[in-house]
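Have the viewer ready and try each task before reading its solution.

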Amino acid sequence: MSEQRIRRVLVANRGEIAVRIVRACFDEGIESVLACSAADTKTLAARLADKVVVIGPASASESYLDIPRVVQAAINSGCDALHPGYGFLSERAELVDACEENDIVYIGPPAEIMRRSGSKLGARAVADEIGIPTGAGTAGLSSAEEAATAAEDLGFPLLLKASAGGGGRGMTIVRSVDEVRNGYIRSSVEAERAFGDGTIYLEPYVEHARHVEVQILADTHGNVCHLGERDCSTQRRYQKVIEEAPSAGLAQELIDEIREAAVKLCRGLKYIGAGTVEFLVDADKGRFVFLEVNARVQVEHPVSEAVTGIDIVREQLRIAQGLPLSFAQDDVVVTGHAIECRLNAEDARRDFIPTPGTITEWTIPSGEGIRVDTFAHVGAEISPWYDSLIAKIIVHAPTREEAVDKMRRVLAKVHIGGVSTTADIHEAILSHPDFARAPVTTKWLENVFLPDWECTPSDVGQSRNVTA
């Protein structure tokens, strides 16, 4: 790929990731155009972008998820490139095709690579071919009965899993043949609705698992580098709540194998751009298996930036212009420990129900080793139309113990009015002795922490989150 200077980027997303991309464009001297819905015209991203284009009403299906509208916005505003962020259209090969058809540089993997890596079954096949452990599992299943027969051969417990998409949709833990039959239909329907592909497969379910992922950057010159790994085991309903880098409590030999496997797989996929290779680590046996590839920038990318000093979004812009990475693998040094808490506008005491509204107070501490990625501010509207993420708080310190302590002190000083947030539960998680000892397993939050925490009386009137 020859070098192609990007002058103007369409930012096809919203919220904190839109702000993040706009700022990276500014740092690179590139103009930014925000493609937003009618509900987002007064957001921080809209204020910071060089230009704003309204692409539809508040409904995501008529704006952020409408490929023709997004591409037409890029054409009309004279953009020569498009950044999809994460979520929405970020892993839709059809968007990449549409960009290529209209001579718009897509800031991400080419369509062919996205199709190959975006299918979990396809990526697993490549991993198998090059010797990366994937564990026992099936190909795509065509019926509940076929799933039941395969399950009997594999043995329980198992996980029904959608081949397309992510975010836990289409995933069901099953422990009997009857659960397989019922779960297959439910998982397939959910996957079809969410991703337009109801293909389901089975894989063994690891009871005491750690979710470890490796950040990859790959350019068009054949350079494939990792930025170390992240631990994303603190999850609720397969959704990440707290992320860390690096992953503590695992043998360095195992970590090296995981990092090497991620690079090897991306070379096998001929990957280009920023991506994440996810693995499941059996905490009891000290083994890992490949899970999937996310062909986009991840929500949790700031922890990798914090421990390496490498700006992932700016590297995406370089790669899209045909430039080589600004660093080599030997230049990557993981220093200290970083933790990210996803601050959502939700009431954790009421089963994490979203709490949209207008922010009337906004105070989050700042200082050395503290980073806040957000679109929120006093007067900002937290819309009921979209997900509830309002900020990511990232801290960096010399050790994990110091990072945990720093994050607890930051959370204790968070004051947000107008909406309830998850700051309280984040502080409680970090204060739990299990979490303080080491990263926990993927079911710890749901099976150990939440049952006890939800039984604790709410501090009515005592919360630092001042609700309207």
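**Exercise 1.** Find the ring that Lys 443 lies over.

*Solution.* Start with the rule: a charge sits over a ring if NZ of Lys or CZ of Arg is within 6 Å of the ring centre and within 35 degrees of the ring normal. Lys 443 is placed over the face of Tyr 238, 4.7 Å from the ring centre. Next, look at Arg 400: its charged end sits over the ring of Phe 435, at 4.8 Å from the centre.

Before going on, note that this is a predicted model, where local features need pLDDT of at least 70, side-chain atom pairs count only at pLDDT 80 or more, and totals for chains, interfaces and linings use all residues. Residues are numbered from 1 along each chain as its sequence is written, and side-chain values use heavy atoms, with hydrogens and water left out.

**Exercise 2.** Count the aromatic pairs and describe the one formed by Tyr 64 and Tyr 386.

*Solution.* Rings of Phe, Tyr and Trp (its six-membered ring) pair if their centres lie within 6.5 Å; planes under 30 degrees apart count as stacked, over 60 as edge-to-face and the rest as tilted. This rule gives 6 aromatic pairs. For Tyr 64 and Tyr 386, the centres are 5.6 Å apart and the planes 80 degrees, so the pair is edge-to-face. Both Tyr 64 and Tyr 386 are buried (under 20% relative accessible area, against over 50% for exposed and partly exposed in between; 1.4 Å probe, protein chains only).

**Exercise 3.** Which residues do ring pairs link into a cluster?

*Solution.* The cluster consists of Tyr 64, Phe 88 and Tyr 386.
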